[in-house]
Amino acid sequence: MTDFLLTHWLDMLTTVLGLLYIWLEYKASIALWIVGIIMPALDVYLYWSYGLYGDAGMAVYYTVAAIYGYAVWKFGRKHNQGSHAEMPITHFKKRLIVPTALAFLAAWVLTYYILVTYTQSTVPVADSFTNAMSFVGLWALSRKYIEQWIFWIAVDAVCAYLYVSKGIPFKAGLYALYVVIAVMGYFKWQKMMHRQQIDSQQ
């Protein structure tokens with residue numbers, strides 16, 4: 001038992017933080033960004049030690065992006081947002097679809113190239129896919145677009161498979177749970193967005 005805990009303690013700790021993170025995201029709480037700074041900072045070491053170099057690099061990005069996300073949710077503004085109102089949940093703008101798709105493809109190709117050229121990654125296609133999709137997903141979350149949940153459903157499903165194959169069981173279970181919560185989160189945010197629209201009209 002002691003050996004198991006010594007082997008998996010960081011996996012378990014980041015899993016607990018991950019559960020807290022997804023719950024705060026589900027509630028659209030700005031506190032999610034605080035957890036979003038701590039958790040990926042720990043994940044950098046965890047992923048690197050298991051040969052998931054793309055995820056390790058992405059965890060560095062998550063840490064920095066969480067600081068950005070907090071600042072945007074706290075101080076950012078959207079069209080028709082009141083000066084002291086909380087940033088509202090909105091739909092992804094149609095004009096952003098093409099540039100976002102191009103950014104995703106560019107990130108996927110670049111990450112794949114880095115993994116196959118500079119690392120010993122055994123899963124470069126899937127690892128680079130989750131990293132590229134996470135890149136655009138985290139940006140969409142920072143802008144509080146409801147469609148960010150769709151990005152995370154894809155990321156979480158692939159990550160769950162990757163972590164099972166790499167022998168990181170707790171993290172794999174966490175991401176399988178993330179898929180379920182992401183679906184629930186989409187409908188939760190949809191209701192919250194509808195309520196915000198009603199309140200803004202009163």
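## Tyr-61 in helix α3

Tyr-61 is found in helix α3 of this predicted model. Its relative accessibility is 25%; because buried residues fall under 20% and exposed ones over 50%, Tyr-61 counts as partly exposed.

Tyr-61 and Ala-41 are 20 residues apart along the chain. The separation of their C-alpha atoms is 9.5 Å.

## The second largest pocket

The volume of the second largest pocket is about 210 Å³. Its lining consists of 13 residues. Those that lie nearest the centre of the pocket are Ala-107, Leu-110, Thr-111, Ile-114 and Asn-131.

Three helices, α3 (53-75), α4 (97-118) and α5 (124-142), each supply at least two residues of this lining. Helix α4 gives the most, with 5 residues. By residue class, the lining of the second largest pocket divides into 8 nonpolar and 5 polar residues, with no charged residue.

## The nonpolar surface patch

Leu-19, Leu-177, Val-180 and Met-184 make a nonpolar surface patch of about 330 Å². Helix α7 (residues 169-201) provides the largest share of the patch, namely 3 residues.

Leu-177, one of the residues of the patch, lies in helix α7. Is Leu-177 buried or partly exposed? Its relative accessibility is 37%, so Leu-177 counts as partly exposed.

Methods: Residues are numbered from 1 along each chain as its sequence is written. This is a predicted model: local features need pLDDT of at least 70, side-chain atom pairs count only at pLDDT 80 or more; totals for chains, interfaces and linings use all residues. Side-chain values use heavy atoms; hydrogens and water are left out. On a 1 Å grid over the protein atoms alone, a cavity is a set of points where a 1.4 Å probe fits but cannot get out, and a pocket is an open set with protein on both sides within 12 Å along at least five of seven lines; lining residues have an atom within 4 Å of a point. Grid points are joined across faces, edges and corners, and a volume is the space filled by probe spheres set on the points. Helices (H or I, at least four residues) and strands (E, at least two) are DSSP runs, numbered from the N terminus. Ala, Val, Leu, Ile, Met, Phe, Trp, Tyr, Cys and Pro count as nonpolar, Asp, Glu, Lys and Arg as charged, and the others, Gly among them, as polar. Patches are made of residues with over 30% relative accessible area and no salt bridge: like charges are joined within 9 Å, nonpolar side chains (Val, Leu, Ile, Met, Phe, Trp, Tyr) within 5 Å. Accessible areas come from the Shrake-Rupley method with a 1.4 Å probe; for residues, only the protein chains shown count as cover. A salt bridge is a side-chain nitrogen of Lys or Arg within 4 Å of a carboxyl oxygen of Asp or Glu. Buried means under 20% relative accessible area, exposed over 50%, partly exposed in between (1.4 Å probe, protein chains only).
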